[in-house]
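Here's a quick tour for anyone opening this structure for the first time. Have a look at the chain below, then read on.

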Amino acid sequence: DTVDGVISVSSIFGGEAAGPFDPQAAGGSGFVLNDKGEIVTNAHVITNGEGENRSAADRVFVEFKDGNIVPADIVGFDPFSDVGLLKVDPGGVELEPLDLADSDGVVVGQPVAVIGSPFGEDHSLSTGVVSQTGRSVRSLTDFQIEGAIQTDASINPGNSGGPMLDSGGGVIGISQQIQTGSGASDGVGFGVPVNTIKSSVEQLRDGGEASYAYIGVSTQPLYPQLAEKLGIDAPRGAIIAEVVEGGPAEKAGVRGGEEEITFQGAPYTTGGDIVISADGETVNRSEDLGRIIGALQPGDEVTLEIVRDGKRMEIEIELQERPTALSTG
């Protein structure tokens with residue numbers, strides 16, 4: 001039973017004196033990854049603080065469907081993908097690992113079930129469909145989580161870290177956040193895709209931390225009408241609006257924008273390079289560049305095909321390790 005593999009997480013901050021009903025306790029959800037006792041949740045469920053100062057909870061307890069509550073060790077947390085890895089002693093608890101699906105195969109309209117503990121109501125199930133894929137949503141850093149899955153299945157506080165499941169019971173993501181005007185679920189929820197989770201967990205298991213590649217630019221989308229307005233011989237791509245001082249792109253000679261314009265009611269920073277492909281893959285939207293870089297490792301080289309002053313050229317950039325906070329120059 002899939003529900004048996006879903007757990008509730010209670011994180012306690014503030015030292016040994018704090019109890020589970022202390023104001024500094026946080027709740028969320030998670031699921032059993034394997035019979036070794038590994039459990040996946042969101043990083044924000046088991047940590048607090050900002051940026052570089054984000055720290056792990058003092059104690060974490062997990063509750064299984066049979067009511068069994070056991071302490072869990074924090075193996076590590078990844079603020080970039082909002083993934084946390086816990087471990088419980090596999091002796092004495094009945095572990096029901098969930099199967100991991102392939103989030104690259106997720107399509108709009110397919111059924112989704114979300115299980116978690118909204119408002120502390122353990123093992124609640126809500127259903128819906130995949131509303132969209134490939135979304136960019138905020139992480140616990142200045143960077144976005146790429147490839148997020150959007151759903152209209154009801155996600156509320158306490159669902160965080162619980163699984164998003166396909167019709168076969170396979171995990172396609174973990175519930176991460178909602179967009180809401182009311183504070184309640186408005187049918188716009190997001191999940192971290194399971195392929196991102198797989199990669200994150202592998203790194204956390206290895207050393208408690210996850211590192212990601214960093215190029216050091218901020219981008220805006222180029223589309224045909226804007227390209228025509230700017231006289232750019234490429235209908236789509238990513239406009240380099242800003243280049244981070246001291247970052248890999250600046251060191252390689254990538255140019256940011258210099259002029260602020262408003263077009264069709266939106267502000268753009270123009271005059272910089274336009275990225276039309278990265279490592280041979282076409283960049284149609286500005287999110288594509290983030291996704292391509294996100295799949296690489298610090299130290300890797302990436303070749304960008306750009307348009308500058310009407311000419312197409314290639315620039316090779318050696319990627320660095322992504323910092324938690326982004327300072328733009």
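Let's start with arginine 205, which is partly exposed, with a relative accessible area of 44%. Keep in mind that this is a predicted model.

**A bridge across the chain**
- Arginine 205 pairs up with glutamate 38 in a salt bridge, and their closest N and O atoms are 2.8 Å apart.
- The two partners come from distant parts of the chain: glutamate 38 belongs to strand β3 (residues 38-41) and arginine 205 to helix α2 (residues 194-207), 167 residues apart.
- Is glutamate 38 buried or exposed? Glutamate 38 has a relative accessible area of 6%, so it counts as buried.

**Other salt bridges**
- How many salt bridges are there? The count comes to seven.
- Arginine 255 and aspartate 309 also meet through their side chains, with 3.8 Å from N to O.
- This is another link between distant parts of the chain, 54 residues apart: arginine 255 sits in the loop between α4 (248-252) and β18 (259-263), while aspartate 309 sits in the loop between β22 and β23.
- Arginine 255 is partly exposed because its relative accessibility is 41%, whereas aspartate 309, at 65%, is exposed.
- Arginine 312 and glutamate 305 make a salt bridge too, with their closest N and O atoms 4.0 Å apart.
- Both of these residues are partly exposed: arginine 312 has a relative accessibility of 48%, and glutamate 305 has 24%.
- Salt bridges also tie Glu281, Asp288 and Arg291 into a network.

**The β22-β23 hairpin**
- Strand β22 (residues 301-308) runs antiparallel to β23, and eight bridges join the two.
- Across this pairing, leucine 304 faces isoleucine 315 of β23.
- Two residues lie between the strands of the hairpin, and aspartate 309 has a positive phi there, near 50°.

**A negative patch on the surface**
- Which residues gather in the patch of negative charge? They are Asp279, Glu301, Glu314, Glu316 and Glu318.
- Strand β23 (residues 311-318) supplies the largest share of this patch, with three residues.
- Glutamate 314 has its place in strand β23.
- With a relative accessibility of 60%, glutamate 314 is over the 50% cut-off and therefore counts as exposed.

**Positive phi away from the hairpin**
- Most residues other than glycine have a negative phi.
- Aspartate 82 is not a glycine, yet its phi is positive, near 55°.
- Where is aspartate 82 found? Look in the loop between β7 (69-78) and β8 (83-87).
- Aspartate 82 counts as buried because its relative accessible area is 0%.
- Histidine 123 is not a glycine either, and its phi is positive at about 55°.
- At 17% relative accessible area, histidine 123 falls under the 20% cut-off, so it is buried.

Technical notes
Residues are numbered from 1 along each chain as its sequence is written. This is a predicted model: local features need pLDDT of at least 70, side-chain atom pairs count only at pLDDT 80 or more; totals for chains, interfaces and linings use all residues. Side-chain values use heavy atoms; hydrogens and water are left out. Patches are made of residues with over 30% relative accessible area and no salt bridge: like charges are joined within 9 Å, nonpolar side chains (Val, Leu, Ile, Met, Phe, Trp, Tyr) within 5 Å. Accessible areas come from the Shrake-Rupley method with a 1.4 Å probe; for residues, only the protein chains shown count as cover. Lys and Arg count as positive and Asp and Glu as negative; His and the chain ends are not counted. The place of a charge is taken as NZ of Lys, CZ of Arg, CG of Asp or CD of Glu. Helices (H or I, at least four residues) and strands (E, at least two) are DSSP runs, numbered from the N terminus. Buried means under 20% relative accessible area, exposed over 50%, partly exposed in between (1.4 Å probe, protein chains only). Two strands pair if DSSP finds at least two bridges between them.
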